[in-house]
Amino acid sequence: MMINIYTKIKDIVDKYPETISVFYANGFDATKKEELIEEVGEDSMLKTVLAIKGINAELFIKQIEEMVGEKDLGFQYVEEVHEKLNFVGYTYCPLKITFKETFEKVLKGYIEDTGEKDFKYYIPSGCGNVDPYEDLWKAEDIDELPGVIASVGFGDFFRQEFYEKFVEKGYFKAVDNRQIQQEFVDAGFIDPKGWYTVYSVAPIVMLIDTKKLGNLPIPKEWKDLLNPLYENNIIVGASHGDFHEDIFLYIYKELGDEGVIKLSNNIKRGCHASEMAKLAGTNSKEGAAIYVIPWMFAKSCPRTETTQVVWPLDGAMTAVYYILVKDGALPKYQPFVDFLTGYEYGQKSANNYFPALNIEVDNNLPRGAKFKWLGWDYIRSCSLHERMEHVMNVFKKSYERKFQNEEMVI
């Protein structure tokens, strides 16, 4: 299928559903084919929609072609068949294309150097697709797991069951010979137990709509968001109706249930970060004065004359990109660990506002920027997932109660 500016978007995603991630990474608010078609319409051509969004058509089509035009490099990319892997790599949607391209470049060289004929890996190509390896963390034996696991956030590989079964028994060893930037050392990202290797972070900051904020003070620290002055004037991250846990978990750590409840009173609603970037600085009634948003999306908001990015004085909240490497497997998988922790991918990541720990990378951070991290002791002091469930139950009850009270007043 030849793709050009006159090709219908529906035809592209029907033929190549994996290209949804390209649309998503360029600001379309859709993670599934049906959602994208609903957003743009069945008959819309690339030319029309890209022009409306101000997206360079030539570069966009190049991204599409790079995704669908991959050549057989002599290795096996596992997408649906559930079998044992050498490598599994998860990252956030905006970086998936870059992640996969850089990985496969490394893999091609690895195969040429080693003659490896049976290397299997899984990197999700889309956003929100069915993951045949979503239960990988439930493995019963270490031999069932890949040699290298790359993941992000406080997900399955931080679950207590996985941690107790594999991590604390020493089955994984961190990369301990790296030089990393001082702000990451100060924030405590180095695992003192030597099991997890953090190589990058996804910072969460505040995006302020100065018109809607009016005469209210600009918040400077995270605790400021609990001030009743901001009642019903904060929007936080959510996908498909589910609020993201990160901000609530950080607030809970420092201020307990009371902090979560106070924050809930100030939250207007939740939405995807791409929608926040579209709303901030507009006259839409759907917007708010304050958005809690990933740095990348905050920087993508085009209305800089009516918005302001605030990097909190106490640090940007972070979700970590990390690696688990089997003990003794590093010599075999060194090229892939180097890919994740090295300069080339690190700089590409930083250029997309996901700072890397590698000391050679220019993260272009604001002067004095700090990072906020839950901390290894805190993460290991409990079942993180049980704590997240508690925190979100506290938030949801308070948030729902607020709307019930509003209905009673009306």
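## Basis

Helices (H or I, at least four residues) and strands (E, at least two) are DSSP runs, numbered from the N terminus. The model is predicted, so local features need pLDDT of at least 70 and side-chain atom pairs count only at pLDDT 80 or more, while totals for chains, interfaces and linings use all residues. Residues are numbered from 1 along each chain as its sequence is written, and side-chain values use heavy atoms, with hydrogens and water left out.

## Aromatic pairs

Rings of Phe, Tyr and Trp (its six-membered ring) pair if their centres lie within 6.5 Å; planes under 30 degrees apart count as stacked, over 60 as edge-to-face and the rest as tilted. The whole structure contains 46 aromatic pairs. In one of them, Y196 and Y322, the ring centres are 5.7 Å apart and the planes meet at 70 degrees, so the pair is edge-to-face. Y196 lies in the loop between α8 (182-187) and β5 (197-209), and Y322 in strand β11 (residues 316-325), so this pair links distant parts of the chain, 126 residues apart. Y196 is buried at 2% relative accessibility, and Y322 is buried at 0% (buried means under 20% relative accessible area, exposed over 50%, partly exposed in between; 1.4 Å probe, protein chains only).

F395 and Y399 form a stacked pair, 5.2 Å centre to centre with 25 degrees between the planes. Both lie in helix α16 (residues 384-409), four residues apart, about one turn of the helix. F395 is buried at 0% relative accessible area, and Y399 is buried at 12%.

## Aromatic cluster

One aromatic cluster includes Y196 and Y322, together with W295, W311, W373 and W376 among others.
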